[in-house]
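Please look over the sequence and the fold below before reading the notes on strand pairing and helix packing.

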Amino acid sequence: MRKLLRGAILCALCWIMVIAPGCANNDTTTLTCDQMAAELITALQIPYVQKVSGDEVRTYYDFEAEEGQDLAVYISTSGNAADEVAIFSYTDSRSKSAVIDAIDERMSRKKIEFKELSPAEYEKLQKSAVVERGHYIFFVVCSQSNKASREIKKIMRK
């Protein structure tokens, strides 16, 4: 009985050390939201975006950022383009819900704005990517949004 128990424990330890690390989703990163946004902008070739800083973020995303919350918002410098990259970290389900609600509201407003203004930009919004990885939520509007999830996965491994 003792040998059987020892064998079971040994098998469990082997599984933990050898197999379990491969099952991890690697949704951790040492990059800040600004660094991740810069990499996404480059990888997805999003032209002419500028960083929205500080209190100005509330102009676009209606939620109360937590003290020290890491976030990055980059919007198009042209009023005729819908391109945008926004990355928000969150710490719990309440802050996650606030971020998701703010992104939904932002997307709805942009769709109304671009539906008549520019069908091509409206199409970008229809295909926009909202991706949750680790403790981050990414909102990406660009002509290559279909690649966004793959690029986010790469970035999260850094």
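The report takes the strands and then a pair of helices.

This is a predicted model, in which local features need pLDDT of at least 70 and side-chain atom pairs count only at pLDDT 80 or more, while totals for chains, interfaces and linings use all residues. Residues are numbered from 1 along each chain as its sequence is written, and side-chain values use heavy atoms, with hydrogens and water left out.

Helices (H or I, at least four residues) and strands (E, at least two) are DSSP runs, numbered from the N terminus. Two strands are said to pair if DSSP finds at least two bridges between them, and β2 takes part in the pairings listed here.

| Strand pair | Sense | Bridges | Example of bridge partners |
|---|---|---|---|
| β1 (residues 49-52) and β2 | antiparallel | 4 bridges | lysine 51 and tyrosine 74 |
| β2 and β3 (residues 84-89) | antiparallel | 5 bridges | valine 73 and alanine 86 |

Strand β2 (residues 71-76) is largely enclosed by the rest of the structure, because 6 of its 6 residues are buried (under 20% relative accessible area, with a 1.4 Å probe and protein chains only).

Helix α2 (residues 33-43) packs against helix α6 (residues 148-156) at an angle of about 140 degrees, and their axes, 10 Å apart, are lines fitted to C-alpha atoms over the stretch in contact, with angles running from 0 to 180 degrees between N-to-C directions. The contact (heavy atoms within 4.5 Å) is made by Met36, Glu39, Leu40 and Ala43 of α2 together with Ala148, Glu151, Ile152, Ile155 and Met156 of α6. These residues divide into 7 nonpolar, no polar and 2 charged, where Ala, Val, Leu, Ile, Met, Phe, Trp, Tyr, Cys and Pro count as nonpolar, Asp, Glu, Lys and Arg as charged, and the others, Gly among them, as polar.

Notes. Buried < 20%, exposed > 50% of the residue type's maximum accessible area, 1.4 Å probe, protein only.
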